Amino acid sequence: MTYQHSEEGTDAGGSDSYYITTAIDYPNGAPHIGHALEKVAADVVARYHRLRGHDTFFSMGIDENSLHVLRTANERGVEPHEWINTLDETFRRAWKALDISYDYWIRTTEERHQRASQEMFRRALSKGDIYKDNYSGWYCPNCNTFYATEELIGGRCPNHPSLSPEWLHEDNYFFALSKYGERLLAHIEANPDFIVPASRKAEVVGLLKQGLRDFSVSRLVRPGVEGWGIPVPEDPKHVIYVWFDALTNYLTAVGFPDDEQKFANYWPADAHVIGKDITRFHCLYWPAMLLSADLPLPKQIPVHGFLSVENQKISKTLGNVIDPVKLVEKIGVDAVRYYLARNLFFASDGDFSRAGLARFYNDELGNDLGNLLNRVVSMIKRYRKGEVPAPGPQGTREDELQVMAISTRERAAEAIENWEIGNALSITWNFVRRVNQYIEHSEPWKLAKQPDAEQQLNTVLYTAAEATRILAILLAPYIPTSSNRMYEQLGLPAIQAGAWETQTAWGSIPMTEVSPSALLFPRLDPEVTATL
Ligand code: ME8
């Protein structure tokens with residue numbers, strides 16, 4: 001794929017390649033709407049980079065080696081490998097339903113990943129960063145983290161109030177995290193966008209200033225859990241700590257340690273998209289592991305907030321878990337993607353509300369966008385037998401709309417590149433509304449009745465169609481299926497990689513004949529709304 005910067009185009013980064021990842025989820029239950037939020041956020045950005053013509057690589061997967069995954073399988077009475085295979089399908093089915101365009105799917109039980117994790121372990125060992133010591137502490141199997149007594153709340157895990165962590169006392173391998181505190185702080189200070197948003201960066205800097213403790217990077221294999229996890233090289237009585245292996249997935253996905261060409265092409269990653277609960281692992285442990293292995297650090301770690309449902313924490317016990325696949329079946333994939341992205345502000349937590357989803361669907365997707373496309377193609381059909389006319393002379397209204405098309409594209413790009421995804425969508429939406437206003441003010445239905453206004457009507461029809469066409473590309477990262485349907489109704493072939501560069505300038509591609517078909521977002525049936 002070739003990539004050319006448009007004159008006004010924003011440059012996403014120095015290089016042509018863009019490697020983006022999400023957290024790899026624990027397969028201990030089907031993904032919920034909170035997991036979906038993260039995948040949609042990363043997918044919007046991955047799709048944006050493809051449209052910019054970048055050689056984009058988007059990796060996702062599942063984190064299988066955790067003991068609580070094994071425990072869940074045991075509790076369900078399912079053979080553990082059968083369990084993870086089933087969950088693997090469940091996750092992939094969910095992301096397919098949400099149109100998540102990942103290029104690579106990783107499972108941490110794969111042999112390739114075992115080799116990558118062991119290589120990272122060996123590199124740290126040979127640097128003298130891994131040593132053996134005796135360890136005692138409270139271990140929460142759900143967090144996969146050790147806690148000091150004072151960190152527990154009433155004897156319970158601070159993140160899982162229903163769990164009493166187990167007291168573990170064993171010989172472990174340790175990673176010398178404390179050795180890297182100064183280098184990490186210097187890196188964060190020299191690279192202000194390494195951790196975004198700023199509130200998360202401040203949190204990490206706070207941890208660094210308190211001083212870092214070495215962490216245990218192995219677990220003794222115990223009866224009943226034998227074989228679950230990646231063996232420590234040359235010492236199979238131990239398995240590698242699950243976070244040490246899980247973080248390494250970002251390297252495995254781009255060919256480490258065998259495929260040097262792929263690795264050189266994509267590493268360091270441009271962005272690891274994660275949720276706020278796993279900041280410490282990604283912003284402290286992971287960069288330290290990479291420094292120890294003499295590998296470059298990822299360029300950025302964008303941290304999103306948590307999604308609640310109807311203002312309540314998502315929890316199986318509360319029974320408020322929303323299955324994104326069922327939601328897509330009821331209201332359509334683009335409506336779900338749109339709603340999640342529209343309300344996504346990395347710096348804050350978000351809330352999912354059924355009434356909100358229905359309102360955004362009807363008011364914005366249906367009334368604003370669906371009607372715009374429908375009006376444009378129906379008027380061209382009615383007044384010009386479906387042929388998109390060449391525009392007549394332009395007036396100030398048209399000039400203003402063209403200027404706004406360019407500024408919308410630039411401002412939306414800047415917002416996406418700053419992880420202001422909800423904001424990017426609102427910038428674009430202002431333009432959707434503006435095109436509707438343009439049609440209202442220009443009153444093509446009146447012009448159609450005036451024989452001497454033929455040229456003027458041509459201008460209005462062309463201008464409205466062209467603005468709608470550009471909108472289809474600007475919206476393609478969020479609602480890809482609908483964007484393609486917009487293109488199709490405007491008589492154009494599917495939107496391709498690079499289109500943001502080559503097709504968002506005014507008049508950049510010719511339109512000939514429209515092809516009106518079904519409404520993009522027909523009004524929601526109140527019965528459907530009631531079942532959301
Ligand atoms: O942490 N809202 O897996 P996980 C938004 N396996 N995001 C949410 C969320 C919510 N309500 N609940 C969870 C793990 N997430 C590890 C990651 S990466 C090397 C290993 C996000 O299944 C969460 O913040 O518990 C994380 O980014 C992702 O979902 C997976 O969470």
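A nonpolar core is a set of buried Ala, Val, Leu, Ile, Met, Phe, Trp, Tyr and Cys residues joined through side-chain atoms within 4.5 Å. Buried means under 20% relative accessible area, exposed over 50%, and partly exposed in between, with a 1.4 Å probe and protein chains only. The model is predicted: local features need pLDDT of at least 70 and side-chain atom pairs count only at pLDDT 80 or more, whereas totals for chains, interfaces and linings use all residues. Residues are numbered from 1 along each chain as its sequence is written, and side-chain values use heavy atoms, with hydrogens and water left out.

**Nonpolar core**

- The largest nonpolar core holds 113 residues, of which Ile20, Ile33, Phe352, Trp419, Ile421 and Tyr478 touch the most other members.
- Helix 16 (residues 454-475) gives the most to this core, namely 13 residues; helices (H or I, at least four residues) and strands (E, at least two) are DSSP runs numbered from the N terminus.
- Both domain 1 (17-127 + 244-324) and domain 2 (354-531) contribute at least three residues to this core, the domain bounds coming from an automatic or database domain assignment.
- As general background, nonpolar side chains tend to be buried together in soluble globular proteins.

**Ligand shell**

- The ligand is surrounded by 24 residues, and the closest are Ile24, Glu38, Asp63, Asp277 and Leu307; a residue is near a molecule if one of its heavy atoms lies within 4 Å of it.
- By class, this shell comprises 12 nonpolar, eight polar and four charged residues. Here Ala, Val, Leu, Ile, Met, Phe, Trp, Tyr, Cys and Pro count as nonpolar, Asp, Glu, Lys and Arg as charged, and the others, Gly among them, as polar.
- Helix 1 (33-51), helix 7 (242-252) and strand 12 (271-275) each supply at least two shell residues, and helix 7 gives the most, with five.

**Polar contacts and burial of the ligand**

- A backbone N or O atom of Ile24 lies 2.7 Å from a nitrogen atom of the ligand.
- For Leu307, a backbone N or O atom is 2.9 Å from a ligand nitrogen atom, and for Gly34 the corresponding distance is 3.3 Å.
- Taken alone, the ligand exposes 660 Å², of which the protein buries 93%; accessible areas come from the Shrake-Rupley method with a 1.4 Å probe.

**Backbone geometry**

- Most residues other than glycine have a negative phi, and most peptide bonds are trans.
- The peptide bond from Val196 to Pro197 is cis, with omega near -5°, and Pro197 lies in the loop between strand 7 (195-196) and helix 6 (198-210).
- A cis peptide bond also links Trp267 to Pro268, with omega near 5°; Pro268 is in the loop between helix 8 (260-266) and strand 12.
- Glu310, in the loop between strand 14 (307-309) and helix 10 (324-331), has a positive phi near 50°. Its relative accessible area is 35%, so Glu310 is partly exposed.
- Asn311 is located in the loop between strand 14 and helix 10 and has a positive phi of about 65° although it is not a glycine. Asn311 is exposed because its relative accessible area is 66%.

**A further loop position**

- Ala494 lies in the loop between helix 17 (480-489) and helix 18 (499-502), and counts as partly exposed because its relative accessibility is 45%.
- The C-alpha atoms of Ala494 and Ser515 are separated by 14 Å, the two residues being 21 residues apart along the chain.

Key
Polar contact = N/O pair within 3.5 Å; in protein donor to acceptor, adjacent residues only side chain to side chain.
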